[in-house]
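Me: I am new to protein structures. Please take a close look at one part of this one and talk me through it.

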Amino acid sequence: MRKPPSLEDLKRRRKPLRDVNKEIAQRMSRVDRFAVWITERVGTIGFFLIIFFWTVLWLGWNLLAPKELQFDPPMGFVFWLFISNLIQILLMPLIMVGQNIQEKHADARAENDLEVNVKAEEEIEVILHHLEYQNAILIAMLQKLGVSVEEALKGK
């Protein structure tokens with residue numbers, strides 16, 4: 001049985017771990033950061049509640065306020081529809097850009113996780129190889145002493 005690699009050999013072969021989150025953050029432009037920021041904020045219950053209450057206030061005011069104070073005629077709500085559509089038209093592509101950036105970040109993290117897992121598997125193999133090597137040495141020592149493995153185990 002050949003001697004397993006030493007810890008120094010293993011450390012020399014091993015590539016240093018990367019901080020993928022830091023690498024991604026450094027590569028992101030200001031526009032990318034803005035898109036991710038918008039994506040993270042729009043996808044919250046807080047943003048939903050803002051839109052919901054804005055809509056309730058708008059529609060409530062234009063249904064219940066005196067006619068001379070209403071600015072968007074009831075049942076038409078043309079101005080409200082215009083603003084709502086404008087928000088949607090502006091946010092949809094921006095959210096898609098942010099999601100694409102987040103997806104690239106997730107892919108980079110997954111790739112890094114795979115690298116870490118492969119390194120851990122290699123280290124486990126080295127440990128198993130060391131254990132087998134030590135086991136072979138112990139069996140050889142028992143044989144030199146003239147003791148069988150079964151006899152050595154009975155002495156427990």
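Reply: Start with one term: buried means under 20% relative accessible area, exposed means over 50%, and partly exposed lies in between (1.4 Å probe, protein chains only). This is a predicted model, where local features need pLDDT of at least 70, side-chain atom pairs count only at pLDDT 80 or more, and totals for chains, interfaces and linings use all residues. Residues are numbered from 1 along each chain as its sequence is written, and side-chain values use heavy atoms, without hydrogens or water.

Now find helix 3, residues 30–42. (Helices are DSSP runs of H or I, at least four residues, numbered from the N terminus.) Helix 3 has 13 residues. From first C-alpha to last, helix 3 reaches 18 Å, close to the expected 18 Å. (That expected span is 1.5 Å times one less than the number of residues.)

Which residues of helix 3 are buried? They are Ala35, Val36, Ile38, Thr39 and Val42. Seen down the axis of helix 3, its buried residues fall within an arc of 160°, so they line one face. (The arc uses directions from the helix axis to the C-beta atoms.) An α-helix has 3.6 residues a turn, so residues three or four places apart point the same way.

What do these residues pack against? Their partners are helix 4 (45–64) and helix 5 (78–145). (Contact means heavy atoms within 4.5 Å.)

Follow the chain to the loop between helix 4 and helix 5, where Phe77 is found. Phe77 counts as buried, at 11% relative accessibility. Phi of Phe77 is near 45°, a positive value in a residue other than glycine. Most residues other than glycine have a negative phi.

Definitions and conventions. Helix = DSSP H or I, 4+ residues; strand = E, 2+ residues; numbered from the N terminus.
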